[in-house]
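The exercises below are meant to be worked through slowly, with the sequence and the model side by side. Try each task before reading the solution that follows it.

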Amino acid sequence: MKFRLIIDPNRDEEVIIYAKQRSEITDEIENLVKEEVTELIGYGKRDIVKLDIRNVVCFTVDDGKVYAVTDKEKLWIKSRLYQVEGLLDSNFVKINQSCIANIKKIKKFDVSFGGALTVIFKNGYTDYVSRRQMKIVKERIGFNL
């Protein structure tokens, strides 16, 4: 693998990787680059919290508002879901129209007789995988039912 660093104060900073396939190293580099913008402000009942996206279980829409669900609380985010989705790394996958899940925070999947897939997170929060997102979720998680 080759490495090149070009310092040019007249250009915008950009990281470009040419790789034959995605690997653990490319994922780590992507996370390092995105760390700069991986914090959001979450609003609780009594406090305002600087959120670290790595600690978020999922982002979900409830009653027209976007919330970040963490291990301990559900915080309101002043952004639209598609805006939050643009900040997220490869550890997140959209599981339905109103939820983006952190793959690392998933405990298990429950499959019903009708083929519906329910996601159960490590903190106990549950949501479902829509039929539209089923194929993408299976590919990202790496399993076939």
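**Exercise 1.** How many bridges join β9 to strand β10 (residues 126-129), and do the two strands run parallel or antiparallel?

*Solution.* Keep in mind from the start that this is a predicted model. Step one is to count the bridges between β9 and β10, and there are four of them. Step two is to compare the directions of these two strands, which run antiparallel.

**Exercise 2.** Work out how strand β8 (residues 106-111) is joined to β9, and then place the strands in a sheet.

*Solution.* Begin with the bridges, of which five join β8 to β9 in an antiparallel arrangement. Two pairs can then be located: Ile106 stands opposite Phe121 in β9, while Val111 has Leu117 as its bridge partner in that strand. These two strands also form a hairpin, with five residues between them, and Gly115 in the turn has a positive phi of about 95°. Putting the pairings together gives an open sheet of three strands in the order β8-β9-β10, paired antiparallel. Since β8 and β10 stand at the edges and each has a single partner strand, one side of each is left without a neighbour in the sheet. From one strand to the next, the twist averages 30°. Finally, helix α3 (residues 134-141) packs on the sheet, where it touches β8, β9 and β10, and its direction makes about 135° with that of β8.

**Exercise 3.** Explain why strand β9 (residues 117-121) can be called largely enclosed.

*Solution.* Four of the five residues of β9 are buried, and therefore the strand is largely enclosed by the rest of the structure.

**Exercise 4.** Is Asn96 buried or exposed, and which polar contacts does its side chain make?

*Solution.* First find Asn96, which belongs to strand β6 (residues 92-96). Its relative accessible area is 0%, and because buried means under 20%, Asn96 counts as buried. Next, trace its side chain, which reaches the backbone nitrogen of Cys99 at 2.9 Å, and which also has a polar atom 2.8 Å from the backbone oxygen of Tyr128. Then list the contacts beyond its neighbours within four places in sequence, namely Asp127, Tyr128, Ser130 and Gln133.

Gln133 is found in the loop between β10 and α3, and with 15% relative accessibility it counts as buried. A polar atom of the Gln133 side chain lies 3.0 Å from the backbone oxygen of Lys94. Apart from neighbours within four places in sequence, Gln133 is in contact with Lys94, Ile95 and Asn96.

**Exercise 5.** Where is Asp63 placed, and is this residue buried or exposed?

*Solution.* Asp63 sits in the loop between β3 (56-62) and β4 (65-70). With a relative accessible area of 78%, Asp63 is exposed, since exposed means over 50%.

Notes. Residues numbered from 1 in each chain as written. Predicted model: local features only at pLDDT ≥ 70, side-chain atom pairs only at ≥ 80, totals over all residues. Heavy atoms only, no water. Buried < 20%, exposed > 50% of the residue type's maximum accessible area, 1.4 Å probe, protein only. Pairing = 2+ DSSP bridges. Axes fitted to C-alpha atoms, helices over the stretch in contact; angles between N-to-C directions. Contact = heavy atoms within 4.5 Å. Polar contact = N/O pair within 3.5 Å; in protein donor to acceptor, adjacent residues only side chain to side chain.
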